[in-house]
Amino acid sequence: MGVEHRGSPRHAVAFDCTLTRPHGNPVRGRTEDLGAGGMRVVTDRPLTIDEELGFELLLDATGPVDGRARVVRQQGPNCYALRFEAAAADIVDWVSRTT
(Lines give C-alpha, C1' and ligand atoms only; values in the text may rest on other atoms or scores of the structure.)
Protein backbone atom coordinates (compact mmCIF):
# COMPACT_ATOMS: atom_id res chain seq x y z
CA MET A 1 0.00 0.00 0.00
CA GLY A 2 1.19 3.51 -0.81
CA VAL A 3 1.37 6.39 1.60
CA GLU A 4 -1.64 8.73 1.58
CA HIS A 5 -0.41 12.28 0.85
CA ARG A 6 -3.65 14.21 0.56
CA GLY A 7 -5.03 16.23 3.43
CA SER A 8 -8.71 15.67 2.68
CA PRO A 9 -10.77 12.68 1.52
CA ARG A 10 -11.66 12.28 -2.15
CA HIS A 11 -14.90 11.09 -3.73
CA ALA A 12 -14.98 9.04 -6.93
CA VAL A 13 -16.91 11.29 -9.32
CA ALA A 14 -16.78 12.02 -13.04
CA PHE A 15 -17.29 15.70 -13.87
CA ASP A 16 -16.28 17.43 -17.08
CA CYS A 17 -13.56 20.01 -16.61
CA THR A 18 -11.57 22.44 -18.68
CA LEU A 19 -7.97 23.33 -17.80
CA THR A 20 -6.39 26.55 -19.07
CA ARG A 21 -2.79 27.61 -19.47
CA PRO A 22 -1.47 31.15 -19.88
CA HIS A 23 -0.83 30.33 -23.56
CA GLY A 24 -2.38 27.80 -25.90
CA ASN A 25 -5.69 26.05 -26.23
CA PRO A 26 -7.71 24.77 -23.26
CA VAL A 27 -7.22 21.15 -22.22
CA ARG A 28 -10.38 19.06 -21.83
CA GLY A 29 -10.58 16.57 -19.02
CA ARG A 30 -12.79 14.51 -16.75
CA THR A 31 -12.36 14.03 -13.01
CA GLU A 32 -11.86 10.60 -11.51
CA ASP A 33 -12.08 11.88 -7.97
CA LEU A 34 -12.61 15.18 -6.18
CA GLY A 35 -12.03 16.51 -2.68
CA ALA A 36 -11.76 19.86 -0.93
CA GLY A 37 -7.98 19.91 -1.54
CA GLY A 38 -7.72 18.68 -5.10
CA MET A 39 -8.76 16.28 -7.82
CA ARG A 40 -7.52 13.51 -10.09
CA VAL A 41 -8.22 14.20 -13.73
CA VAL A 42 -7.77 12.40 -17.04
CA THR A 43 -6.96 14.81 -19.87
CA ASP A 44 -6.95 14.73 -23.64
CA ARG A 45 -3.41 16.20 -23.72
CA PRO A 46 -0.35 15.84 -21.45
CA LEU A 47 0.27 18.13 -18.49
CA THR A 48 3.58 19.02 -16.80
CA ILE A 49 4.43 18.30 -13.17
CA ASP A 50 4.34 21.52 -11.08
CA GLU A 51 2.38 23.33 -13.82
CA GLU A 52 -0.25 25.76 -12.50
CA LEU A 53 -3.52 25.78 -14.42
CA GLY A 54 -6.86 27.49 -14.31
CA PHE A 55 -9.80 25.10 -14.16
CA GLU A 56 -13.54 25.10 -14.65
CA LEU A 57 -15.60 22.18 -13.32
CA LEU A 58 -19.21 21.39 -14.06
CA LEU A 59 -20.52 20.17 -10.69
CA ASP A 60 -23.92 18.53 -11.03
CA ALA A 61 -26.60 21.08 -11.92
CA THR A 62 -24.94 23.85 -9.88
CA GLY A 63 -23.16 25.19 -12.95
CA PRO A 64 -19.47 25.88 -13.54
CA VAL A 65 -17.01 26.34 -10.68
CA ASP A 66 -13.55 27.73 -11.31
CA GLY A 67 -10.22 28.13 -9.59
CA ARG A 68 -6.50 27.38 -9.89
CA ALA A 69 -4.70 24.06 -9.41
CA ARG A 70 -1.15 22.70 -9.55
CA VAL A 71 -0.14 19.36 -11.10
CA VAL A 72 1.56 17.39 -8.31
CA ARG A 73 2.08 14.00 -9.97
CA GLN A 74 1.23 11.83 -12.93
CA GLN A 75 -0.71 8.67 -12.03
CA GLY A 76 -1.02 7.04 -15.44
CA PRO A 77 -1.27 7.92 -19.12
CA ASN A 78 -2.76 11.45 -19.16
CA CYS A 79 -4.00 10.96 -15.56
CA TYR A 80 -2.84 13.58 -13.06
CA ALA A 81 -3.25 14.52 -9.41
CA LEU A 82 -3.94 18.24 -9.01
CA ARG A 83 -3.83 20.25 -5.78
CA PHE A 84 -6.09 23.27 -5.55
CA GLU A 85 -4.18 26.53 -5.21
CA ALA A 86 -7.35 28.62 -5.23
CA ALA A 87 -10.73 26.94 -5.42
CA ALA A 88 -14.26 28.20 -5.18
CA ALA A 89 -16.20 27.66 -1.97
CA ASP A 90 -18.70 25.72 -4.11
CA ILE A 91 -16.25 22.80 -4.25
CA VAL A 92 -15.85 22.72 -0.47
CA ASP A 93 -19.65 22.96 -0.13
CA TRP A 94 -20.14 20.09 -2.59
CA VAL A 95 -17.62 17.92 -0.73
CA SER A 96 -19.24 18.64 2.64
CA ARG A 97 -22.69 17.73 1.27
CA THR A 98 -21.41 14.39 -0.06
CA THR A 99 -19.70 13.23 3.13
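**Group meeting: strand order and pairing in a predicted model**

From the N terminus on, the elements of the protein chain follow the order β-β-β-β-β-β-β-α. In total, that gives 7 strands and 1 helix. Please keep in mind throughout that this is a predicted model.

Let me begin with the chain as a whole. The protein chain has 99 residues, and 37% of them count as buried. Its exposed surface comes to about 5600 Å², of which carbon and sulfur atoms supply 51%. As for contacts, consider those in the protein chain with a separation of 6 or more: residues 24 or more positions apart account for 47% of them.

I now turn to strand β6, which covers residues 63-76. Which strands pair with β6? One is strand β5, residues 52-59; β5 and β6 are antiparallel and share 8 bridges. Within this pairing, R68 of β6 stands opposite G54. Another is strand β7, residues 79-87, which is joined to β6 by 8 bridges, again in the antiparallel sense. Here Q74 has Y80 in β7 as its bridge partner.

How many residues lie between β6 and β7 in their hairpin? There are 2. In the turn, N78 has a positive phi of about 55 degrees.

To summarise the pairing, β6 has antiparallel bridges to β5 and to β7, and the hairpin with β7 has N78 in its turn. Thank you for your attention.

Note on methods: Residues numbered from 1 in each chain as written. Predicted model: local features only at pLDDT ≥ 70, side-chain atom pairs only at ≥ 80, totals over all residues. Heavy atoms only, no water. Helix = DSSP H or I, 4+ residues; strand = E, 2+ residues; numbered from the N terminus. Buried < 20%, exposed > 50% of the residue type's maximum accessible area, 1.4 Å probe, protein only. Contact = heavy atoms within 4.5 Å. Areas by Shrake-Rupley, 256 points an atom, 1.4 Å probe, with all protein chains shown as cover. Pairing = 2+ DSSP bridges.
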